[in-house]
Every structure is written in C-alpha cells, then in structure tokens.
Amino acid sequence: MTLDQLRIFLEVARHQHVTRASESLNLTQSSVSGAIKALENRHGVRLFDRMGRRIVLTAEGSMFLPVAEDLLASAGNAERLLEDLSGTGVGSLHIFTSQTIASHWLPQRLRAFREAWPRVTIELQVGNTVQCVAAVEAGTTDAAFIEAKVEELFLDQTPVGTDELCLVAGTLHPWVDAPPKDLSELFSARWILREKGSGTRSTFEAELRRNGLLPENLDILLALPSNEAVCAAVADSACATVISRAVADPYIGAGRMIELPLALPGRPFHMIRHKGRHRSHALELLEEMILRREQKG
C-alpha cells in the first residue's frame, strides 16, 4: 500500500466519481482507476460499488475510510516535521478556510506570506465552519480560519482578525420605507440565509437567542451554500439576509440592497489548529505575520 493509493482512495471517496477525483488530483482517469483496482486486488477487498455514473463506498470501504484518513494525516505530519528538522526553509501548508475569510480577508495575507517565504507552498480549501473544524480534527489540514469560536477541547484557537455582519434586504422589501426598530420585528420577513453550519448563520442565530428570540421561528425561504449565492438571491427582491459587510457593500453601493439600521455585534476571526499535532515552522511564520499585520492595523 502506498501513500499515493491512499490519497487517490480518499479523493474518490470524497467525490464519489472517478472523473472528478482525477481532475482534482491532476491525474488521468486510468491512473485513478488503476490505483483503486491495485489496492483492491492486493488485499482482496472491494472498496467501491458502481451506481450508475457514481461510485459509492462498500461497507468495507466505509470501514477503511477513517483509517486511511488517519494514516495520510500522520504521514503529512511526519513530512512537515522532517521539513522543519531539515532547516532548508522549504515547506508546505494546507489551509482550510470559511468562505467569507477566503473571499475577502485571507487572500492578501497569503500573497504577502508567499512573497516573504516563496519556498513554502500553500494549498487552500474552502468550506463552512463545521467542515473546517472536521478537517482540523481529522488531520487533513494544518490549520483553518473560521469566523467564530467553537467549543472543542482539541482545538487551539487564536484570534487573528474581526468581521462586521450587517442586516440587509432587497429593494422590493417593505423595510425600504419602514425599517424594523428591533430584532423582534425580523420575524415578519422572509429570509435567505447561509446553510446551517456556516459561521455567518451561527452568529446570527446566537444573537437572536441572546435576545430571547428563537431562530427556528424565522421564515426561511432558502438556505444557500455561498455568500455570493445569498446576495444574488436577495438583491432586487422582497427578502432579507444577514451577511458580512465586505460581501454586502458592493450590492448596497449598486442600489440593489439596503442596509437595515439594526446593529449586530462584530465577530472574531480565529485560526484553529489541533493541539496534539506538530505545529510546523511554516505555520508559525504564517501566524506571526498575520498577527503582526493585525497589530499594525
């Protein structure tokens, strides 16, 4: 069994599709199929079943999945440790980040880091807060950046920035002429929100609960998996949403959404990592640079 076979197995399991896995890995379909077949033949175990155009894990494949994840995470941890011990200044970072941070906060910081440390490569993956935490726990990422603090004992969480949420509505909403005066009036609106598990939605729901209101009573028309999709759906409509100000500003400036005069508390950005795993020199350098940048304002 090779590490390449493990990587291919995990990518096929994630996509449930050989073509998509091959595109993600930048390999040919035949190479991906051959690696899976070699793994199955060597150990006499069928790992996938074909279901039309999709392939799904067998019971044996499902049992093997967490073991493969742990093995690959341990190999990556060992590789990063050796890179640090070599003292060559060559390294790699796998970063998982939530959408708001990936789109508006992190890119300039990663560019500055790569300019300062060109021999450290960075692989970036985007998801919601729940997916970020899961990746850190599984060891498939070195660190993640999320928009809220989460209650997990295995996490080391460092505040690295702040974000401002705002309440906005489409230009056809009655609130254009008669905006709400307090949070209790929000329940008369129809909402388009990010999906459950996103930092944006979790922060909004926590603020409602803090004020004695139940987010379950909101009239949610749609839950969408990206900030851009939410704004595109709310713009020029009679719906409302809560979103990062950095995301909403272009729509407000274009006259396609209005901002409501109800303030929401700011939320911190956190860098999270697993307490029990090796913290590479490259990750230390990235954290130091980001914190120094924030201190300068």
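This is a predicted model: local features need pLDDT of at least 70, side-chain atom pairs count only at pLDDT 80 or more; totals for chains, interfaces and linings use all residues.
1. Strand β8 (residues 190–194) is largely enclosed by the rest of the structure, because four of its five residues are buried (under 20% relative accessible area, with a 1.4 Å probe and protein chains only). Residues are numbered from 1 along each chain as its sequence is written, and side-chain values use heavy atoms, leaving out hydrogens and water.

2. Now to the neighbour of this strand. β8 runs parallel to β9 (residues 219–224), and five bridges join the two; strands pair if DSSP finds at least two bridges between them. Arg-194 has Leu-224 in β9 as its bridge partner. From β8 the chain passes through helix α7 (residues 199–210) to β9, a right-handed β-α-β crossover (clockwise from the first strand over the helix to the second, with the strands pointing away from the viewer).

3. Two backbone angles are worth a look. Most residues other than glycine have a negative phi. Asn-26 has a positive one, near 60 degrees, and sits in the loop between α2 (18–25) and α3 (29–43). Asn-26 is exposed at 69% relative accessible area (exposed means over 50%).

4. Asp-236 also has a positive phi, about 60 degrees. Its loop lies between α8 (227–234) and β10 (240–244). With 36% relative accessibility, Asp-236 is partly exposed, the class between buried and exposed.
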